[in-house]
Amino acid sequence: MLAAGSAACASTFPQKPVRIVVPFSPGGGTDLIARTLGLEMSKDLGQPVIIDNKPGAGTTIGTDAVAKAPPDGYLLVMASFAHAVNPSLQPKLPFNNETSFVPVLLVGRGPNVLVVRPASPFKTVQDVLAAAKANPGKLTYASQGTGTSAHLAGEMFDNLAKVKTTHIPYRGAGPAMTDLLGGQVDLFFGTAAAVAPFVERGQLRAIGVTSAQPSPAFKDIPTIAATVPGYAVESWYGLYAPAGTPKDVIARLNAAGRKAARSPEFARKVEQEGLSINAGEPAELDTYVRAEEARWARIVKENGIKAD
């Protein structure tokens, strides 16, 4: 009887709006990806997809809200880089990545971009490196929170380049960008999704990409690895549901997400961010994130990286 009831419920899903938690403040790359994807998913689901921003504690506040939500498919989290790194940086998480969630969709992956304001004296990665060596700890870099790709991109830069900069965490890319533009911080290793519009409008200057190879979306911008050998950081975006969500509901959400991520409308919105679309089966997200967790656990341990 329970199985029949679950199947019947899944076959009529969704019967009300679906909410996607973004564990950052509005205005950043994860927020942009979630809102664009949600708008397209709503067309297929026949219900609104509402974005719920819950920033704080290195993404754990919003993520924990989904971990503890009813497993009915109506509350999801748009996870990103921090989801794979937090188990290494924060050993007392209120949830378990492996048992608290089920994967729905790996939306896509892309580079981060080292940006400065137009008035900054730094024109190249070499300029940043020289200043960091001359004035240890004086240069500051923003991030959208502890454990995020922007944070670890800066940590990896310090460790591989043998320099010391100062990390300033914010509750999302939006607030980080505001202080960067205002001159309160010097640098931002922001996700391409967050910084691309500002670079395009000339409000920020891109001086390096974090991917191992040059990014097609930033054709004239060199890799940081060209100056700091071995450097490579990648951002990603993926949907998770609470553990125990019925398989048929996951399949329905995955189908809507895949269709949305491959739509011309989504492509137009994210093409300038250099996002490589994945949009496969749920297992694709699980396989990718487990590999990222292992990779970053090793990097965090080897370099003695600590949460701020």
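Predicted model: local features only at pLDDT ≥ 70, side-chain atom pairs only at ≥ 80, totals over all residues.
I started with Arg 201: its charged end sits over the ring of Phe 198, 5.0 Å from the ring centre. (A charge counts as over a ring if NZ of Lys or CZ of Arg is within 6 Å of the ring centre and within 35 degrees of the ring normal.) I found Lys 16 doing likewise with Tyr 74, its charged end 4.7 Å from the ring centre.

Residues are numbered from 1 along each chain as its sequence is written, and side-chain values use heavy atoms, with hydrogens and water left out.

Next I looked up aromatic pairs, and there are seven. (Rings of Phe, Tyr and Trp, the last by its six-membered ring, pair if their centres lie within 6.5 Å; planes under 30 degrees apart are stacked, over 60 edge-to-face, the rest tilted.) Phe 95 and Phe 101 are edge-to-face, because their planes stand at 80°, with centres 5.5 Å apart. I checked burial too (buried is under 20% relative accessible area, exposed over 50%, partly exposed in between, with a 1.4 Å probe and protein chains only). Phe 95 has 10% relative accessibility, so I logged it as buried; Phe 101 is buried at 5%.

Then I turned to Phe 157 and Phe 189, a tilted pair with 6.0 Å centre to centre and 50° between the planes. Both are buried.

Last, which residues does the ring-pair cluster with Tyr 240 hold? I found Phe 95, Phe 101 and Tyr 240 linked there.
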